[in-house]
Amino acid sequence: MNGTRHDPGPDQLKGILLVLVIFGHTFWQGVGDSWTKWMIYGFHMPMFLFLSGYMISMARFGTRPWGDLLRHYWKRMLAAWLVVSVLWLALEEPDAFTDVQSFVEVLLLRPAFHLWYVPMLFLSVLLLRLLGRPLNSSAWARTALGLAAVAGALLFQTPLKELVPPIVLDNVDARYAGYFVWVLLGVALRNGWLPRIGLWWLAPLVVVGLAARSWVYVSDAAGPWWSVVAFTVLSLGASLCVPPLRDALRSRLPIVGEALGTVGKHSLYVYLLHPFVTDALQTPEVGWLRSLVLGAAVTVAILVASCIVAGTLERVGARSRQYRGYA
């Protein structure tokens, strides 16, 4: 979830996506009870997963030593995720510590609230590394994995989940299999397995997806399959916009300056920690307009605080390194 040092595009895009994630978590309404939240949840996490996959160069990644890979991801995201997960469970779900089985289930198999993202992404990383050589050398292997990813999305994210044994759905988070397709799509475009599409060609697809998603929300005639179609069209269009958006965001945005890139650079910690704030605030049940205003205010406050803390820690770290250099 960390962008490259010399390319601010991924960091700024992650910052924008984090704005949507935090803003969505400020609503007291459920996803199906707020049009704004319904629309945000129609594309923001697929875009995040696509961007994570788009950062993986299989030429280097596919042959990376396992020990080096595990150490890298432990330092970059797994250690922080584990600490935050234990803290979240202690505050929100203390029953998870009843026994080892309960703890493992809530930690890994059915992660609480937002904590599913890191283990889901790490499992995707392990699978891609395991299949690295075949994927780099064989179009058949890439096709087979792509079909398997689509099948997983259909089986675990559509009404076809009735075909999956209940013991699986009851004990494992369906997003592990259902969302892998977005990671793989990002990997495919980054590594030239699929052609890149320009932003102007994708705009109509995004517009159709937004219209379809909105229609599903307001229509009593829209069944579950229409909801799946609308979600897929919108998520696909938005995800395919990631490469041109990343290129467009290589320059600082006006007004926000470096703030957006700072949030994106530290996106893992902002993502893991912000629910402690949004959950503690318990946004009151107010009308949609006040809900939007309160949500925007909380989101801005969290982002400003994140920039202040990140900047302070970076300055302390720089001074510490400078001091050790003189010592």
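E105 lies in helix α6, where helices (H or I, at least four residues) and strands (E, at least two) are DSSP runs, numbered from the N terminus. At 18% relative accessibility, E105 counts as buried, a term that means under 20% relative accessible area, with exposed meaning over 50% and partly exposed in between (1.4 Å probe, protein chains only). Leaving aside residues up to four places away in sequence, E105 touches R110, P111 and N171, a contact being heavy atoms within 4.5 Å.

This is a predicted model, in which local features need pLDDT of at least 70 and side-chain atom pairs count only at pLDDT 80 or more, while totals for chains, interfaces and linings use all residues. Residues are numbered from 1 along each chain as its sequence is written, and side-chain values use heavy atoms, with hydrogens and water left out.

**The chain as a whole**
- The protein chain has 18 helices and zero strands, and its radius of gyration (taken over C-alpha atoms) is 20 Å, close to the 20 Å that the globule rule (2.2 Å times the number of residues to the power 0.38) gives for 327 residues, so the chain is as compact as a globular protein of that length.
- Along the principal axes, the C-alpha atoms of the protein chain fill a box of roughly 70 × 55 × 50 Å.
- Of the 327 residues of the protein chain, 45% count as buried, and among contacts between residues at least 6 apart in sequence, 77% join residues at least 24 apart.

- Helix α7 covers residues 117-130, and its 14 residues should span 20 Å at 1.5 Å a residue, which agrees with end C-alpha atoms that are 20 Å apart; the expected span is 1.5 Å times one less than the number of residues.
- Ten of the 14 residues of α7 are buried, so the helix is largely enclosed by the rest of the structure; among them are Y117, F122, S124 and R129.
- F113 has its place in the loop between α6 (100-109) and α7, and its phi is near 45 degrees, a positive value in a residue other than glycine.
- Most residues other than glycine have a negative phi.
- With a relative accessible area of 41%, F113 is partly exposed.

**Aromatic rings**
- The count comes to twelve aromatic pairs, where rings of Phe, Tyr and Trp (its six-membered ring) pair if their centres lie within 6.5 Å, and planes under 30 degrees apart count as stacked, over 60 as edge-to-face and the rest as tilted.
- Y73 and F122 form a tilted pair, 6.2 Å centre to centre with 55 degrees between the planes; Y73 lies in helix α5 (residues 66-92) and F122 in helix α7, so the pair ties together parts that are 49 residues apart in sequence, and both Y73 and F122 are buried.
- W116 and Y179 form an edge-to-face pair, 5.6 Å centre to centre with 70 degrees between the planes, and this pair links distant parts of the chain, 63 residues apart, with W116 in the loop between α6 and α7 and Y179 in the loop between α11 (175-178) and α12 (180-190).
- W116 is buried, as is Y179, and F48, W116, Y117, Y179 and Y271 form one aromatic cluster.

**Cysteines**
- The count of disulfides, pairs of cysteine sulfur atoms within 2.5 Å, comes to zero.
- C241 counts as buried at 7% relative accessibility, and C307 is buried with a relative accessible area of 19%.
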